[in-house]
Amino acid sequence: MPTIKGALGPGFQIVLFYLLLSNASHANDFSYLRERDTNGNIWEVRLATASPPLNQIHSWYISAFSSEGRPLTGLTLSISGGMRAHGHGLPTAPKVSAETSPGIYQVDGFKFQMWGEWQVLSELTDQHGNTVGSHEFEFVLAP
Amino acid sequence: MSSSLSLRLKLAALLLVALATLVLLVLGLQPPINQARLQWSPQERAMLNSLRLPKRLQPRDPSNRFLDSPAAAQLGHQLFFDKRLSGAKDMACATCHIPERYFSDGRPLPIVANNTSLSELPTRHTPTVVGAALHRWQFWDGRADSLWAQALGPLENPLEHNSDRLAIVRYVLNEYRLSYLQVFPNSEVTLPKLERLPEHGSPLSPIAEYQTNWQQLSSEQRSEINHVFANIGKALAAYQAKLLPDDSRFDRFVDGLNLPTDNRPQSYLDQHEQAGLKLFISEQAGCIQCHNGPLFSNSDFQATLSSADITPEREGRIAGIALAHADPFNCRGIYSDAPNSCGELDFAKVDGIELQAAFKVPGLRNVAKTAPYMHDGGFASLSEVLHYYNQAPTHGFSHNELQPLRLLPYQLKQLESFLVALNSELITDAYWLTPLLPLRKEITHEHS
């Protein structure tokens, strides 16, 4: 099972470095959130807006593909997360509403109620409860 | 000689003490002498802009399609100030939400209905209703997911209006029949047949007879009554949606900062207030974590543990969210106008230690006008609140979201002066701030 820290490849570190240094207007532009976990699976997040809104319920589209580009489909996606630095979790309980196309999961009910650094952990399990893929998105929510 | 030496020693000691005191005073109570104009980084400016009040405030609630209805606001206006809506005809919404006190009551805990049969006392401080329509959750523990659902609570609360559902519906349909039918025109066919119903009845009443009366009604009758009752809440919400804050000096300061050639922002907030604002958005003070956005509230729930007199497992958001889910007047219920768009309710956390003893984060606009403070009204002044957050005692609770801020006394004063700079008038026309007098007696069907 890939570790959380292990999932943060060099590409992600460059992205995070960029996020921290870039100016506030696109500090958390999600079009950059495309990352690999230690198994080589490719994870991507798409939103209806450039970045998550503050204090509003919204949806994420999380896609997961194997290193060969095969969609990780028909699996159970569970979401957790929070602000590690503050020691609290997500304020809501996001749920998958649909797999909109193979390997792309619509997750409703995200909300972020504070500015700052958030972690969102996505985990895909098969029908036996075995973890197929797991990845942590980390981003800075800033005005 | 020895007495003279002793005197000199005593004097020297006194001088030392005085000097030390002076140094402490200068360090602790006075800001460092720095008259230079405060600079604001791009990140800080972005944060300030995120706190600025929008040019047009528009409360939204899909579950209440009458929120923007002028006729509903008119009806709600009358109901808000009408004492005859209460069981003893002596208490209106405005009894505790006093317009001259920024729609709060200035008391730690609210006054109790004269005719209450309960011996217990209220435990929650009266919050202002200004801007309440912009919040997603209502009551300190978020037991209502809309302002119209909230408005129904006090009407039947034995400590507040202390009336009952049948009496309230009967009163409104008699006294305000024309207004009611004007706001809710399609409802006449389903209006309850009052003449066939008992005087009193409610599923929530502490009076057994009233509960029995309610249980003996048919489900159709109950639904008809509930429908009118929900509409009363929707009219009250439409009125309260008009009670909104106007720009404060802080907002004008932000506007000035956005104009690179404008030197005026300095005149809107003085150096002391600006230093307080800088602290407010700083990591060290951390106020901005919860008091964010244009209302200076994230509408979420936090365990501030301001009182040791609480049972964390049973109070706060942990209780409120369970009540919200069980409330027949919630967004999902049959009286809601948008039962399929209830994201806040659908995705709210229902368990976890974070919800224990957690209470709603209040907005801070005009906070200086709404003392005392906290969910239990436990602090008399802003300086007490700031002092408390600075110390952050845990009261022995395992779950503690506060950390000592380690701010110096002068910094607490700067924060306080900034909070006072959030004072403003209401955007609301004065017409809405007083009762309509004399109350026009409507011609009702029963009298005609």
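**Figure 1. Packing of helices α3 and α9 of chain B.** In this predicted model, helix α3 (residues 70-80) of chain B packs with α9(B) at an angle of about 95°, and the two axes are 7 Å apart. The two helices, α3(B) and α9(B), are therefore roughly perpendicular to each other, as angles of 65 to 115 degrees are classed in this way. On the side of α3(B), the contact is made by B:A72, B:A73, B:L75, B:G76, B:H77, B:L79 and B:F80. On the side of α9(B), the contributing residues are B:I232, B:K234, B:A235, B:L236, B:A237, B:A238 and B:Y239. By class, the residues of this contact of α3(B) with α9(B) comprise 11 nonpolar, two polar and one charged.

**Figure 2. Packing of helices α6 and α9 of chain B.** Helix α6 (residues 165-175) of chain B packs against helix α9 (residues 219-240) of chain B at an angle of about 70°, with 10 Å between their axes. That angle makes α6(B) roughly perpendicular to α9(B). The crossing of α6(B) past α9(B) is left-handed. From α6(B), the residues making the contact are B:R165, B:L166, B:I168, B:V169, B:V172 and B:L173. From α9(B), they are B:I225, B:V228, B:F229 and B:I232. The residues of the contact of α6(B) with α9(B) divide into nine nonpolar and one charged, with no polar residue. B:I232 is among the residues of α9(B) that take part here, and B:I232 is also listed in the contact with α3(B).

**Figure 3. The buried face of helix α15 of chain B.** Four residues of helix α15 (residues 382-391) of chain B are buried, namely B:L382, B:V385, B:L386 and B:Y389. Viewed down the axis of α15(B), these buried residues fall within an arc of 95°, so they line one face of the helix. An α-helix has 3.6 residues a turn, so residues three or four places apart point the same way. The elements covering the buried residues of α15(B) include α16 (409-420) of chain B. After α15(B) comes B:A392, which has a positive phi, near 50°.

**Figure 4. Helix α2 of chain B and its buried face.** Within α2(B), the residues B:M47, B:L48 and B:L51 are buried. Seen down the axis of α2(B), its buried residues lie within an arc of 100°, so they line one face of the helix. These buried residues of α2(B) pack against α10 (249-257) of chain B. Helix α2 of chain B also contains B:S50. B:S50 is partly exposed, because 18 other C-beta atoms lie within 10 Å, whereas a buried residue would need 20 or more. Between the C-alpha atoms of B:S50 and B:V254, the separation is 9.9 Å, although these residues are 204 residues apart along the chain. When neighbours within four places in sequence are left aside, B:S50 is in contact with A:P143, B:N292 and B:G293.

**Figure 5. The contact between chains A and B.** Chain B contributes 20 residues to the contact, and chain A contributes 19 residues. On the side of chain B that touches chain A, α2 (42-51) and α14 (343-347) of chain B each supply at least two residues. With six residues, α2(B) gives the most to that side. The side of chain B that touches chain A has six nonpolar, nine polar and five charged residues.

Figure 6. A:G40 is placed in the loop between β1 (34-36) and β2 (42-46) of chain A. The residue A:G40 is partly exposed, because 13 other C-beta atoms lie within 10 Å, and an exposed residue has 12 or fewer. The C-alpha atoms of A:G40 and A:S66 are separated by 6.6 Å, and the two residues are 26 residues apart along the chain. Chain A as a whole has one helix and nine strands, and its elements run α-β-β-β-β-β-β-β-β-β from the N terminus on. Of the 143 residues of chain A, 33% count as buried.

**Figure 7. Overview of chain B as context for the close-ups.** Chain B has 16 helices and two strands. Buried residues account for 44% of the 448 residues in chain B. Of the contacts in chain B between residues at least 6 apart in sequence, 76% join residues at least 24 apart.

Methods
Residues numbered from 1 in each chain as written. Chains lettered and ligands numbered in written order. Predicted model: local features only at pLDDT ≥ 70, side-chain atom pairs only at ≥ 80, totals over all residues. Contact = placed C-beta atoms within 7 Å. Nonpolar A, V, L, I, M, F, W, Y, C, P; charged D, E, K, R; others polar. Axes fitted to C-alpha atoms, helices over the stretch in contact; angles between N-to-C directions. Parallel < 35°, antiparallel > 145°, perpendicular 65-115°, else oblique. Left-handed = near helix turned anticlockwise from the far one by under 90°. Arc of directions from axis to C-beta.
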